[in-house]
Amino acid sequence: MKTNEDLQQDVEDALKWEPLLEAAEIGVAVKNGIVTLSGTVDNYLKKMQAEEAAKKVAGVTAVVETIDVKLPDSKARTDYDIAVEVVSALQDNWNIPADCVKVKVEHGYVYLSGTLPWDYQREAAKRTIHDIEGVKEVVNLIHITSKEATPIERQKVIDALLRHWSINANNIHVAVSGSTVILTGFVSSLYQKEEAEKVVWKAPGVTHVDNQLNIDFDFTNL
């Protein structure tokens with residue numbers, strides 16, 4: 001079992017383990033398993049690494065991320081500069097079908113919209129622009145519209161979850177409603193919850209995942 005103080009220390013240690021991050025950049029607060037990250041970094045990639053590192057710590061049930069991205073004045077960029085680089089990066093990524101993703105940049109915030117047939121393409125679009133200088137946040141509004149005409153096979157989704165090394169799928173219930181997969185039950189970490197959703201998104205025909213999984217972890221002195 002962990003206390004909030006134990007969990008805070010674990011998260012701080014996980015952040016220190018990331019080569020790009022400096023301990024003084026990120027503040028960590030914990031209450032009832034919910035981790036709040038704060039501070040200021042000089043690029044969006046650092047912000048994402050901090051969030052991912054916190055999610056992988058055992059006992060974290062949710063991450064509230066309030067980290068700001070601020071470039072030094074000497075490296076300030078216009079929205080136009082950022083937009084040009086974002087569009088170019090998306091065009092160069094062979095995972096993303098041409099002309100399917102629309103881009104809007106406002107005050108350093110990049111908004112992605114449009115439709116794609118697979119979730120991995122949607123995630124690739126977001127990852128492609130993580131390290132573009134000047135990006136403060138990526139808002140991924142891309143919708144998934146599957147081209148698969150066959151129904152989702154529930155048992156194949158279950159089998160895929162059972163095969164995953166990091167997921168205890170025995171406590172996960174899978175339901176299918178049209179092109180939506182609903183996950184209920186329990187996992188032991190936020191990382192497992194997100195990994196389960198990633199597995200489901202790989203099933204042909206899925207356009208939405210309703211992830212209702214709860215995180216079951218023992219705390220003391222809450």
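Reply: One definition to start: buried means under 20% relative accessible area, exposed means over 50%, and partly exposed is in between, with a 1.4 Å probe and protein chains only. The model is predicted, with local features needing pLDDT of at least 70 and side-chain atom pairs counting only at pLDDT 80 or more, while totals for chains, interfaces and linings use all residues. Residues are numbered from 1 along each chain as its sequence is written, and side-chain values use heavy atoms, with hydrogens and water left out.

Me: Is Val135 buried or exposed?

Reply: Val135 counts as buried, because its relative accessibility is 1%.

Me: Where is Val135 placed?

Reply: Val135 is in the loop between H4 and E7. Helices (H or I, at least four residues) and strands (E, at least two) are DSSP runs, numbered from the N terminus.

Me: Which residues is Val135 in contact with, leaving aside neighbours within four places in sequence?

Reply: Tyr44, Val69, Ile82, Gly108, Val110 and Ile129. Contact means heavy atoms within 4.5 Å.

Me: And what does Val86 touch, not counting residues up to four places away in sequence?

Reply: Val86 touches Val103, Val110, Ile129 and Ile132. Val110 and Ile129 are also in the contact list of Val135. Val86 sits in helix H3, residues 79-92, and is buried, with a relative accessible area of 0%.

Me: How many Å separate the C-alpha atoms of Val86 and Val187?

Reply: The separation is 36 Å, and the two are 101 residues apart along the chain. For Val135 and Leu213, 78 residues apart along the chain, the C-alpha separation is 31 Å.

Me: Val187 makes me think of Gln192. Which residues does Gln192 contact, leaving aside neighbours within four places in sequence?

Reply: Ser166, Ile167, Asn168 and Val187. Gln192 lies in helix H6 and counts as buried at 12% relative accessibility.

Me: Which side chain does the Gln192 side chain join in a polar contact?

Reply: That of Ser188, at 3.1 Å. A polar contact is a pair of N or O atoms within 3.5 Å; within protein, one must be able to donate a hydrogen and the other to accept it, and residues adjacent in sequence count only if both atoms are side-chain atoms.

Me: What about Thr3, which polar atom pair is there?

Reply: A polar atom of the Thr3 side chain lies 3.0 Å from the backbone nitrogen of Asp6. Thr3 is in the segment before helix H1 (4-16) and counts as buried at 11% relative accessibility.

Me: Switching to helices. Which residues of H5 are buried?

Reply: In H5, residues 154-163, they are Val157, Ile158, Ala160 and Leu161. Seen down the axis of H5, these fall within an arc of 160°, so they line one face of the helix. The arc is that of the directions from the helix axis to the C-beta atoms.

Me: What is on the face turned away, and what covers the buried side?

Reply: The face turned away from the buried side carries the exposed residues Lys156 and Arg163. The cover over the buried residues includes strand E9 (172-177), strand E10 (180-187) and H6.

Me: Last one, where is Asn32?

Reply: Asn32 is in the loop between strand E1 (26-31) and strand E2 (34-41). Asn32 has a positive phi of about 55° although it is not a glycine, and is partly exposed at 40% relative accessible area.
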